Amino acid sequence: MNLVAMDAMFAVIGVQAAAVGGAFVLRSREKLLQRYLPHLLSLAVGVLLTTALVDLMPEAVAQLGNRPLTWILVTGSVLALFAIERIFSALTGSTTEPEVGELGMGTHVHRHAPGRQEHSAKPMNLVLAAMLHSFVDGAALATAFVASSRIGWLTAIAIGLHEIPHRIGDFAVLIHLRQTSRRALQLAILAGLPSLLGVALVMVVGAGHTGSIAYLLPVSAGSFLYIATVNLLPEIQQECRVSRVLWQLLWLGIGAGMVAVVVGLSAA
């Protein structure tokens with residue numbers, strides 16, 4: 001393994017370790033997480049929407065061009081996730097996920113269709129989308145290190161600033177979807193593993209032959225858009241008290257602002 005590959009692998013491991021570390025801190029503070037979970041869900045919506053629209057899609061248009069295929073991939077991703085969830089629901093007889101106000105930490109509620117146990121496709125949708133995004137991040141980070149060490153480390157810092165709140169948001173959403181804290185942490189770790197594959201791919205095939213990775217950008221953007229608008233926004237819309245609605249809007253803005261700042265730093 002050459003020095004560039006070692007630097008890229010070390011950087012991506014550091015980024016993922018920091019992101020999972022943030023989730024681990026929340027895992028050991030379940031009461032705190034329960035209290036602030038609605039705020040974290042709003043934060044996650046802001047991060048997911050802004051990542052899709054301000055980070056991933058502009059990058060996809062820059063690399064693939066503003067052509068129908070780019071937007072077909074976005075639309076297809078949204079429709080594919082909808083189809084997966086609807087087919088799963090029809091096959092299993094599962095109902096909708098619990099609302100934010102019904103969340104109970106430390107419990108895992110099951111409803112049963114005749115002879116079946118309810119599970120939702122939503123947690124796996126979130127994990128698969130996060131895995132795809134992690135893969136793209138890893139490939140982008142490795143490509144940056146191939147360009148120069150300085151650009152690589154700046155890219156690592158920018159990705160890290162984005163991944164830490166993103167992974168914490170993922171963890172909070174998984175808890176909301178009735179995953180145990182241990183299971184949510186395992187899935188959060190799983191979500192980051194493809195970043196290593198992204199680095200490995202770039203190092204194996206070379207930075208000059210990674211153009212096809214760009215096609216994953218609109219797919220990842222579509223996945224994030226679906227999760228934020230279909231899975232999460234309806235949940236936080238259930239709150240009617242003015243004070244809590246204002247807190248939701250504040251945290252949603254914080255999530256959007258964090259990604260916007262990181263995107264601005266990485267573009268500088």
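Ala139 is found in helix H4, residues 122–147. The model is predicted.

Me: Is Ala139 buried or exposed?
Reply: Ala139 has a relative accessible area of 2%. Buried means under 20%. Ala139 is therefore buried.

Me: Which residues does Ala139 touch, not counting residues up to four places away in sequence?
Reply: Ala139 sits in helix H4. Leaving out residues up to four places away in sequence, its partners are Gly198, Val199, Val202 and Ile213.

Me: How many Å apart in space are Ala139 and Pro194, C-alpha to C-alpha?
Reply: In sequence, 55 residues separate Ala139 and Pro194. In space, C-alpha to C-alpha, the separation is 9.5 Å.

Me: Is Ser77 buried or exposed?
Reply: Ser77 lies in helix H3, residues 68–92. Its relative accessibility is 9%. The cut-off for buried is under 20%, so Ser77 counts as buried.

Me: Which residue has the backbone oxygen that the side chain of Ser77 reaches?
Reply: Beyond four places in sequence, Ser77 is in contact with Pro218, Val219, Gly222 and Ser223. The side chain of Ser77 comes to 3.4 Å from one backbone oxygen. That oxygen belongs to Val219.

Me: Where is Tyr215?
Reply: Helix H7 covers 194–205, and helix H8 covers 216–236. Tyr215 has its place between H7 and H8, in the loop.

Me: What does Tyr215 count as at 35% relative accessibility?
Reply: Buried is under 20% and exposed is over 50%. Tyr215 has 35%, so it counts as partly exposed.

Me: What share of the residues of the chain count as buried?
Reply: The chain has 268 residues. Its accessible surface is about 13000 Å², with 68% belonging to carbon and sulfur atoms. The share of residues that count as buried is 46%.

Me: Which element of the chain has the highest mean pLDDT?
Reply: The chain averages a pLDDT of 77. Among the elements, helix H5, residues 149–176, has the lowest mean, 76. The highest mean is 86, and it belongs to H7.

Definitions and conventions:
Residues numbered from 1 in each chain as written. Predicted model: local features only at pLDDT ≥ 70, side-chain atom pairs only at ≥ 80, totals over all residues. Heavy atoms only, no water. Helix = DSSP H or I, 4+ residues; strand = E, 2+ residues; numbered from the N terminus. Buried < 20%, exposed > 50% of the residue type's maximum accessible area, 1.4 Å probe, protein only. Polar contact = N/O pair within 3.5 Å; in protein donor to acceptor, adjacent residues only side chain to side chain. Contact = heavy atoms within 4.5 Å. pLDDT = per-residue confidence, 0-100. Areas by Shrake-Rupley, 256 points an atom, 1.4 Å probe, with all protein chains shown as cover.
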